[in-house]
Amino acid sequence: MARVDRPALSEQDAARRAVEAVWRIESAHIVGALTRYTRDFELAEDVAQEALAAALVSWPRDGTPRDPAAWLIATARRRAIDSYRRRAGRDERYGALAQGLAEGEATSGAGGAPAAPGTGIVAGELGSDPAMFDPDRIDDDVLALMFVACHPVLSREAQIALTLRVVGGLTSDEIARAFLVPVATVQARITRAKKTIGAARVPFEVPDGADRDARIASVRGVLYVIFTEGSSATSGDDWIRLDLAREAVRLARVLTRLAPEPETFGLLALLELTAARFPARVGPSGEPVLLEDQDRRRWDRAAIIRGRAALRRAVGPAGMGVYALQAAIAECHAVARSVPETDWERIVVLYEALGRIAPSPVVDLNRAVAVAMVHGPDVGLRVVDGLVDQGALAGSHLLPGVRGELLARLGRAAEARGEYLRAAELCGNAAERAVLERKAASLDR
């Protein structure tokens, strides 16, 4: 077979790819180090972006530096110093004008450089060798950055956007594509988030005690939301958004190294065990493949091994937490050779435990599916109808989708078809909607 030569990348393209790769891998370390250095999160993120822009100009001309991350930090540091100098000069000029107005004459104000607003840092005190990339501080810097990005003063949407931007290294375009919102919306969320953090004077630190526990739970919650949207997209054409889900898994791995707590390992276990099924969840044309139809030989065995190892570390003094219980359910699926051979009785027990510590209609709906596998679809349908009577999950496609499945198994085809069609109308994801419509159509035969 003749070899097909690929066109060589231009220097500009090669430099751009190098910048993107470095940023994706090192962004959290870079912004964390700069925030520790400047004590100003908004400034740190801004000068880091300026350094990226400078790299796109410099690297094609001068070549990619031997230590790209250090180059970006050094460049951003110089931009930060320039920013403080401009602030100091501006404040001196304002002071001179104020003094001149007070005295009725023009004055050329002098004096030492004042503290940069909101930072407590005097412009001349930034130092010449701050050990920016101190390996003993990197973990603390990244964890502190996660705490800043997930601070409770921010909305959940802002927390997600900021985490993906400064911790995950995603661009505004990538975040917008992942959540199917305009780029301007993402940029506005990030800008408002940075200003809110500055206005609230959120410290760049790893908090202690109860505050730390509350904030680490928020970090886990943001990663869970990111992964959930990636693994089962709520809108758009694709059923799975692999880039988003993989980024959540990567950040969860980072979090277990920074904060090796049982529930953090529970989150990682859940994400790994769920992501293990991704290779078999989508067919050749991108169509969804349901659990009962998946070729389990295609499941990622390495991810299953990693997930089970994390799950063994997810049991704390009080037992399993919310994420660990969900991971244990995912493990039941991961180790089963088929749907009928799955340990559904254990899954029912796990959902009952989950419902006690984190009650939710979605948990009850999932438990109904497991109950139907153990005791029959009629018993599961009674649980589902109880949720209908409560008015739970109104406006969601999940409940009519499950109800349609149970009705179909009971031979009540006309009712099942109606439920499938109602679920399809409520479903925002095109791929999942097509599955529901096909199920409804199959009952016409």
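**A close look at Glu247 and other places**

Guide: Setting aside residues up to four places away in sequence, Glu247 has contacts with Arg24, Leu164, Gly168 and Leu170. The model shown here is predicted. Glu247 belongs to helix 9, which runs over residues 242-258. Its relative accessibility is 5%, and because buried means under 20%, Glu247 counts as buried. Phe227 stands 20 residues from Glu247 along the chain, and the C-alpha atoms of the two are 7.8 Å apart.

A second residue can be described in the same terms. Arg215 is part of helix 8, residues 209-231. With a relative accessibility of 6%, Arg215 also falls in the buried class. Beyond its neighbours within four places in sequence, Arg215 touches Phe147, Val148, His151, Pro152 and Pro207.

The chain as a whole gives the background. It has 445 residues, of which 47% count as buried. Its elements are 19 helices and 2 strands.

From here the description moves to helix packing. Helix 15 covers residues 361-375 and helix 16 covers residues 377-390; their axes come within 6 Å and cross at roughly 165 degrees. An angle over 145 degrees counts as roughly antiparallel, so that is the term for helix 15 and helix 16. The crossing of helix 15 with helix 16 is right-handed. On the side of helix 15, the contact is made by Pro361, Asp364, Leu365, Arg367, Ala368, Val371, Ala372 and His375. Helix 16 contributes Pro377, Asp378, Val379, Gly380, Val383, Val384 and Leu387. Sorted by class, this contact has 10 nonpolar, 2 polar and 3 charged residues.

Helix 15 also packs with helix 17, at an angle of about 10 degrees and with the axes 10 Å apart. Angles under 35 degrees count as roughly parallel, so helix 15 is roughly parallel to helix 17. In this contact, helix 15 supplies Leu365, Val369, Ala372 and Met373, while helix 17 supplies Leu398, Leu399, Val402, Leu406 and Arg409. The classes here are 8 nonpolar, no polar and 1 charged. Leu365 and Ala372 are named in the contact of helix 15 with helix 16 and again in that with helix 17.

A loop lies between helix 16 and helix 17, which covers residues 398-409, and Gly391 is in this loop. At 48% relative accessibility, Gly391 is classed as partly exposed. Its C-alpha atom is 9.9 Å from that of Pro361, a residue 30 places away along the chain. Leu393 is found in this loop too, between helix 16 and helix 17. Leu393 is not a glycine, yet its phi is positive, at about 55 degrees.

Another positive phi occurs at Arg39, which is likewise a residue other than glycine; the value there is near 60 degrees. Arg39 sits in the loop between helix 1 (11-38) and helix 2 (41-62). The relative accessible area of Arg39 is 53%, and as exposed means over 50%, Arg39 counts as exposed. Glu247, where this account began, is buried.

Note on methods: Residues numbered from 1 in each chain as written. Predicted model: local features only at pLDDT ≥ 70, side-chain atom pairs only at ≥ 80, totals over all residues. Heavy atoms only, no water. Axes fitted to C-alpha atoms, helices over the stretch in contact; angles between N-to-C directions. Helix = DSSP H or I, 4+ residues; strand = E, 2+ residues; numbered from the N terminus. Parallel < 35°, antiparallel > 145°, perpendicular 65-115°, else oblique. Left-handed = near helix turned anticlockwise from the far one by under 90°. Contact = heavy atoms within 4.5 Å. Nonpolar A, V, L, I, M, F, W, Y, C, P; charged D, E, K, R; others polar. Buried < 20%, exposed > 50% of the residue type's maximum accessible area, 1.4 Å probe, protein only.
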